[in-house]
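Subject: Structure for your files

Hello,

Here is the structure I said I would send. My notes follow below it.

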Amino acid sequence: MDLAEVARLSERIRANVERVIEGKTAVVESAVVVLLAEGHLLLQDVPGVGKTMLSKALARSIDCTVKRIQFTPDLLPSDVTGVSVYDQVSRTFEFRPGGVFANIVVGDEINRASPKTQSALLECMEERQVTVDDTTYVLERPFMVVATQNPVEMEGTYALPEAQRDRFMARVSLGYPTAESELAMVRSHTGGDPLAELTPVTDAATLRAMCAAVSRVYVSEPVQRYAVALAAGTRTDPEIALGASPRATLHLVRAAQALAALRGRDFVLPDDVSGLADRVLAHRLVPTAGSGADVSALLARLVSRVPVPDGHAG
């Protein structure tokens, strides 16, 4: 598949999702970028702004297997990964797959589950496989987790551990809509359910071809060094206790490849990298205790300090 076809199909996915999500073009674009980069997406915001609606709309835009897991305090790890059940007739154990056995997994309110249950996602998100009772089951590609979470200061939530956050390629917030967007939402939802009317615009096989094409987008050495410099800068900033991991650097470059493909280019610009820095890096950073620093502001300051490669600025 060539990149022109990738851009065309990506635009169809974006337009399909925007039939349900009004006035959030940048957020929808971020979701498509993560999809093409074979990453996982974390949607964080207050209840009722459309986090679950966005994840469902993205899932319904692709003709593939989709499962939804509602994370609650009593959810068990085996509900996520699966469990072996003894069959008295055959006298053997039969494996019953959990909710992660799908191409797109919608994890609703992920931070309402206990840390033990949250950790059930670690293996599948990083290695695309699940191990139960010493048996490893490979998950079919594409595989994407789209998780929603409420702000940690809200009741009934558990903060996601650093290892869990680091596995999400990007974190975005929808925010409240503008008055016009909210009015358009009221009009479209009053007469029916727009989500129920969504039909797939592509399928799993085509999406795999799109992801393969995106992985071939050219990233020059100066742009690679620029991405590394941004990540490394977070590790030496005195106001940041925990900086970006090498995994974060890889995610930043892969997301930049997807963004370049969406914009019809077969090469990555430094602007692609810097434009994604907040979405890809901010949720991984831990400010120094007592500093009260705003992570997004720290990242913006860091981006302004790191030299842009000559001849590559967009």
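In what order do the five strands of the open sheet stand, and is the pairing parallel or antiparallel? The order is 3-6-9-1-10, and the pairing is parallel. Please keep in mind that this is a predicted model. Strand 3 (66-70) and strand 10 (170-172) are the edge strands; each has a single partner strand, so one side of each has no neighbour in the sheet. From one strand to the next, the twist averages 15°.

Going through the sheet from strand 3, five bridges connect this strand with strand 6, and the two run parallel. Here Val66 is opposite Ile104 of strand 6. Strand 6 is in turn joined to strand 9 by four bridges, again in the parallel sense, and Val105 faces Val145 of strand 9. Strand 9 (residues 144-149) also pairs with strand 1 (residues 41-44), parallel and over four bridges. In that pairing, Leu41 has Val146 of strand 9 as its bridge partner.

How much of strand 6 is buried? Five of its five residues are. The cover extends to both faces: Ile104, Val106 and Asp108 are buried on one side, and Val105 and Gly107 on the other.

Next, the aromatic rings. The model has four aromatic pairs. One of them is Phe101 with Tyr137, an edge-to-face pair with 6.2 Å between the centres and 75° between the planes. Phe101 is in the loop between strand 5 (92-97) and strand 6 (104-108), while Tyr137 is in strand 8 (residues 135-138), so this pair ties together parts that are 36 residues apart in sequence. Tyr137 is partly exposed, at a relative accessible area of 23%. Ring pairs also bring in Phe95, which forms a cluster with Phe101 and Tyr137. Elsewhere, Arg265 lies over the face of the Phe267 ring, 5.7 Å from the ring centre.

The last item is Asp166, found in the loop between helix 7 (162-165) and strand 10. Is Asp166 buried or exposed? Its relative accessible area is 10%, and because buried means under 20%, Asp166 counts as buried. Its side chain makes a polar contact of 2.9 Å with the side chain of Ser245. Apart from neighbours within four places in sequence, Asp166 is in contact with Ser245, Arg247, Ala248, His251 and Arg284.

Regards

Methods:
Residues are numbered from 1 along each chain as its sequence is written. This is a predicted model: local features need pLDDT of at least 70, side-chain atom pairs count only at pLDDT 80 or more; totals for chains, interfaces and linings use all residues. Side-chain values use heavy atoms; hydrogens and water are left out. Rings of Phe, Tyr and Trp (its six-membered ring) pair if their centres lie within 6.5 Å; planes under 30 degrees apart count as stacked, over 60 as edge-to-face and the rest as tilted. Buried means under 20% relative accessible area, exposed over 50%, partly exposed in between (1.4 Å probe, protein chains only). A charge sits over a ring if NZ of Lys or CZ of Arg is within 6 Å of the ring centre and within 35 degrees of the ring normal. Two strands pair if DSSP finds at least two bridges between them. Axes are lines fitted to C-alpha atoms, for helices over the stretch in contact, and angles run from 0 to 180 degrees between N-to-C directions. A polar contact is a pair of N or O atoms within 3.5 Å; within protein, one must be able to donate a hydrogen and the other to accept it, and residues adjacent in sequence count only if both atoms are side-chain atoms. Contact means heavy atoms within 4.5 Å.
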